[in-house]
Amino acid sequence: MVARVRAHGAANIEARQMDGQALDLPDAAFDAAVSVFGVMLFPDWRAGLCEMARVTRPGGSAAIAVWKSADGAAVHLLLSQIIRRLYPDNVTPMPCTGLAELADPGRLAAALVAAGFSDPAIAEVTHDFKLNVANPGDVDRLFEFMPHWSGLDAEQSAAVARAFRSEIERGRVGDSFAIPSTALIATARRA
């Protein structure tokens, strides 16, 4: 992402890579801070929110997007739902605690206030993730990147894959299958 921003060659944009939990930036340096599905994945998401607040000037704005489900969105969400339905005892916790903690509007608002923001407003936005299902084998390759998948044995994996393909066949439109994915979009002011 940093390379793509730099490739535009805009004179008024500086792109740097750094730890979002310990930003190498001065206090109150920005009018706005934005995290789009980022802070929720940090090992210490609270530190990430505090860093956003620290670098935002008093009265400045923040916008944070997180998934409404602790299982994320798109293929991750659908696969997790199928595994929960078929093998509820085999669902492992997601490795990023922020996914679960910030998926609740009340907890998200409270986390923003605790980090140093005020007047949080939370909106829900649902968008259909369009999965290209022209080649089912391409879809199956996505499974190995999902934490819940690794907890299944061969028989369970086969059953989940069959259920996943069945969902696709019931809901596909041509070569596309829509997976509704809901985000929470939080806005707040720096206190």
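1. Start with the lining of the largest pocket: its residues split into 17 nonpolar, six polar and two charged. Here Ala, Val, Leu, Ile, Met, Phe, Trp, Tyr, Cys and Pro count as nonpolar, Asp, Glu, Lys and Arg as charged, and the others, Gly among them, as polar. S1 (30–36) gives the most to this lining, with six residues.

2. A quick word on the model: it is predicted, so local features need pLDDT of at least 70 and side-chain atom pairs count only at pLDDT 80 or more, while totals for chains, interfaces and linings use all residues. Residues are numbered from 1 along each chain as its sequence is written, and side-chain values use heavy atoms, leaving out hydrogens and water.

3. Now look at helix H5, residues 105–115. (Helices are DSSP runs of H or I, at least four residues, and strands are runs of E, at least two, numbered from the N terminus.) Its buried residues (under 20% relative accessible area, with a 1.4 Å probe and protein chains only) are Leu108, Ala109, Ala111, Leu112 and Ala115. They cover an arc of only 160° around the axis, going by the directions from the axis to the C-beta atoms, which puts them on the same side of H5.

4. What follows H5? Glycine 116 does, and its phi is positive, near 120°.

5. Glycine 98 sits in helix H4, residues 97–101. This glycine counts as buried because its relative accessibility is 0%. Leaving aside neighbours within four places in sequence, glycine 98 is in contact (heavy atoms within 4.5 Å) with Met40, Trp45 and Ala103.

Methods. Buried < 20%, exposed > 50% of the residue type's maximum accessible area, 1.4 Å probe, protein only.
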